[in-house]
Structure formats: C-alpha cells, structure tokens
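Dear colleague,

I am handing over the structure below, and my notes on what was found in it follow directly after.

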Amino acid sequence: MVRTRFAPSPTGFMHVGNLRTALYAWLLARSQGGRFVLRIEDTDQARYVEGAVDVIYNTLRQAGLDHDEGPDVGGDFGPYVQSERRGIYLPYAEELVRKGAAYYCFCDKQEAAEPPEGEAATSGYDGHCRDLDPAVVAANLAAGMPYVIRQKIDKSGTSTYRDDVFGEIVIENKVLDDQILIKRDGMPTYNFANVVDDHLMGITHVVRGSEYLPSTPKYNMLYRAFGWEIPEYVHLPLIMGRDAEGNISKLSKRHGAVSFESLVAEGYLPEAIMNYIALLGWSPKNDREIFTLSELAEVFSVSGLNKSPAVFDYDKLRWMNAEYIKALAPEAFALRSYAFSGLDGTPLADKWGSIAKLLQQRVEVLSEIPGKIDFLQKLPEYGIDFFNNKKSKSNPEAAHAILSDLVPQYRGLESWSSEELNRVVVSYAEAHGMKLGLPMWGLRIAVSGQLVTPGGPVEIMEILGREESLRRLDHALSLF
RNA sequence: GUCUCCAUCGUCUAGUGGCCUAGGACACCGGGUUCUCAUCCCGGCAACAUGGGUUCGACUCCCAUUGGAGAUGCCA
C-alpha cells in the first residue's frame, strides 16, 4: 500500500511550492488507492509561529487535499507532530552511535546562522570530534558538556540511488558532510527526524523538492545503518520565480504573492490555483488543461513529472482563474465574489445579483471588482469630450440632442425594467434611422461617466434605479 | 570554490529514432461577432542552446562546451 506524506513546518503561511509538493504527494496516494499522511515538522523551536498549524489545516482544506492521518484526524502512527515525538529520536541517534554510524560532537556552535541569500553557506564540519577517544567522550558526557550528535559518514567511494523522476543519481561520498542529527537543545534536525518518522510511519514514497537530490545519500546511509528499508524517492522540479530585473530563481516572497492565502486574498479561486500548480512540472501528456482534483487523481502518473524547473507564470494563472470564474454558475459566482465587491452595507448590495452577472465574464481575478464598479457608487467627473466616439458617430452635439429627447421619455416610464429601458432606446434609434450604438454611447457616458463599462447603459440604469439614473441624465444635460 | 541536476516557442509543455514543413496552452499581434469593454469565434508571430559523434535516419541516444538552477546550516 502506497503511503505518502506531506510534512510542512508551521511557518505561518503556505508557499505554493510546498502546496504543490503536497498536491503531488496527495495525487500519488489517491491515484494508487494509498494513504496520505500529514505530519507537522516543528523541530525548530526558534521558528515557532502562533496559529501556524491552523494555517496548514485551513489551506489543505480549502485546497481540497484531505489527509487520512494527521494531528487532527489521528491515525495508528501518531503522534503526528514532531515536537510531541521529541523523546523518540535521541535513542535512535544513540543506537547509531553504538553502531558506529554517528558520534558525539562537543565543538562550539558555529555562529554562521543564516547565510546571506545567494551566498554560499559556511563550508562543512572539519571532523574534529569524529574520532574522539571514547574515554574523553564519556568524561565530557559525565561532566554535562553540551553536545550534538553527528552522522559519521564513510567518505570513501560513491553512493548511487534511483529517483522515480530523475533516474540514477551518483554522488561521491567525500562531499557528504557529517551532518548534525541531534541538536544541542536535544531536538532532532529535520534531516534526522525525517528519516526516523518516515520509517516509523511506514512512508513508502518520499515526495519532496529536488533540492534534496544531493543530500539523499546521507538519508540512505541512515536507513542502512538502522537496517531499514529505503523508500522510493519522487523528487520534484523546483518552482522558479522571476524578479523585477527578470532574473530567475527559486520562487520566494520577492516574486510577489506566492503563498496560497495571499493568492486567495487577491481573488484567485482555490480550485484554479490547484489546477494551475498541478501543471507546473507535471503533464497529462495530452492537450487537456482543465482538471478538477479528482480528475487529476484519476490520470496522475509519476511518469508525467518533469525534471526541469518551471517558472511560475501569473499570466497563465490569471487566465486559468478566469476560466474557472466563467465556468461558475451565476449564483455561485455572485456568492463567492461578494466579499470582494466592497458593497456590503451599501444600497447597491441587494443589486449584487445583477452586478455580478455583468462582472463574471469580465473579471480574471476577484480583486479587480471594486475598480470595475466604483462608478456605480459615485459618478466620476467627466467632460463633454467623452461624448465623442468615432465608431458610433457620436459627438457632443448629437449626444445633447439625443439625450434631450430621451430623458423625458425615461422620466415618463412607468416601469423601470430593463425591458422598458431597452425598448425606449431601441425604438428611438429605429424612429430616427440611426444605429443603436449612437444613442447608446451618449447614454453610457451620461449614466456612468466612463468610456468603458461592464455591461451597457440599460443594465447600468436598471442597477442604478430610476432616481439615480435620472439624476445622472440631468447632470449630463447640464454639461452642454 | 566544490558537488548535483536541468536544457523544445518569452512562459507552461507534447514529443521516448522515421508520424516533425515540431503539436497544444498562456502572453502578444491581426480579423469577425457586438451599444463600450469583456466574452465568443477565426487567423498570425514564435522554439529543438552550440559543437562533435552513433545511425540509412536524430528534437529524440552518447560526449563535450555553454547556459541556467539547486545544494553545500545546531532551517526545514
């Protein structure tokens, strides 16, 4: 049985790169009838962020990635939070020491914490404590000297392993560093906790970013030292971003909104985001692009995974988001977009159904909505030059004449329905042998104060209502 | 610096030796429908990084070069 896991650390936000890793791990499990496990990796106490675990739950729920086991839903391999498992790692590390695959290190902490971005980190450990006299070790331990436990790597020869997407990887062991397994504070490092937990939780396929490709031999040495079975590896190509200068690098904050929640806040639909990132590094091998999560689970295959890094393209995400928006039932769109309208508590709020109808085909991202409808709340200032339009043959004089005829007719209308509103202008155009576009142009300017509007003047007048529409028409007349 | 990986249109990708005058999508540019805009429809632009092999035949296999990315943390 396939068992995959998603093991995020609670940092307070969900990077789309991590989310895509979760998606593929989920897809792999679901497509094989396997199980998907959520494990929280919070071994770095300095990084603890309040409420961060809830962000993870909320994101997964919104994204539609359900887990079979995890801190919130339980399971047979718990606990699923590493800080609650703190007691289990040290004995395993000590076992490694006994087996000669690890050693105590009493060296001072190297204070080169976070290297500047883009620059090389400090070079590897010099191996000072690697072959310490056992008596010295015992004495140091007895004296309560602070220590870390390092992996004792056999630096001879090469390591080879197979990755499901990248194929065979060969690394010279001499470049592998004696990485720390247990930190000075007694907590395991990610590298160690990961191996122990993946084994203990029966993970069969390790799905993670390709940045782990070069360090995987170290993990394998750990598995072998314990006598544990090595899982299958599915390393994923990285998601890249482009900065203001056009340089490409691993996607991060400086490339714009890259967390799931910020994208949602901007008005991207979760299902569109998931669909988009599914295609960033994976292909169904045909021309289809729109998939629901369950459709994805049906056709997903590791063989569709790509090896080269993919650039996150906001343009394409926007397009896909628009596709999802347009495919929504009108009521669903109205419901889901309302929060972005800024209309809550205003008189226009109960007109939202009609307004949303105009917006659905014209919006790619929900956050565009306020800018598209602010003219409904407040008539923008405009000059009579707005009545000029070549294509519809409109100009201020013609518009003045037309509006002078039309306004009394509208004022006399008994029913302010779109049918009636439309009938007036259509029959006027017919009676005067003019193209409909001509009177419509003048009306649009008068009721909206804008050259471009979502929908036409009839829809706008219907939404504005009789009083406000007539007020705007009178205002237009006063401009000439 | 060292190590690892990658390399098809600007971007995401299809292509697993002949089906390729390299397909699709986004973006971009035209045209049509239309009361503006948008939707919708039609069309166009645009790529196999370079050099060597292997082969009857390379986008597809091998090598080198170049380019790009990642790793090199008591972060994950």
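Strand 8, helix 6 (residues 216-226) and strand 9 form a right-handed β-α-β unit, right-handed meaning that, with the strands pointing away from the viewer, the path from the first strand over the helix to the second runs clockwise. Helices (H or I, at least four residues) and strands (E, at least two) are DSSP runs numbered from the N terminus. This is a predicted model, in which local features need pLDDT of at least 70 and side-chain atom pairs count only at pLDDT 80 or more, while totals for chains, interfaces and linings use all residues. Residues are numbered from 1 along each chain as its sequence is written, and chains are lettered from A and ligands numbered from 1 in the order in which they are written.

Strand 8 pairs with strand 9 (residues 232-236) in the parallel sense over five bridges, where pairing requires that DSSP finds at least two bridges between the strands; Gly209 has Leu236 in strand 9 as its bridge partner. Four of the five residues of strand 8 (residues 205-209) are buried, so this strand is largely enclosed by the rest of the structure, a residue being buried if 20 or more other C-beta atoms lie within 10 Å of its own, with C-beta atoms placed from the backbone.

Helix 8 (residues 270-278) is likewise largely enclosed, because eight of its nine residues are buried, among them Glu271, Asn275 and Tyr276.

Elsewhere, an open sheet of three strands has the order 3-4-7 with antiparallel pairing, and its edge strands are strand 3 (102-105) and strand 7 (180-182).

Best regards

Conventions
Buried ≥ 20, exposed ≤ 12 C-beta atoms within 10 Å, placed from the backbone.
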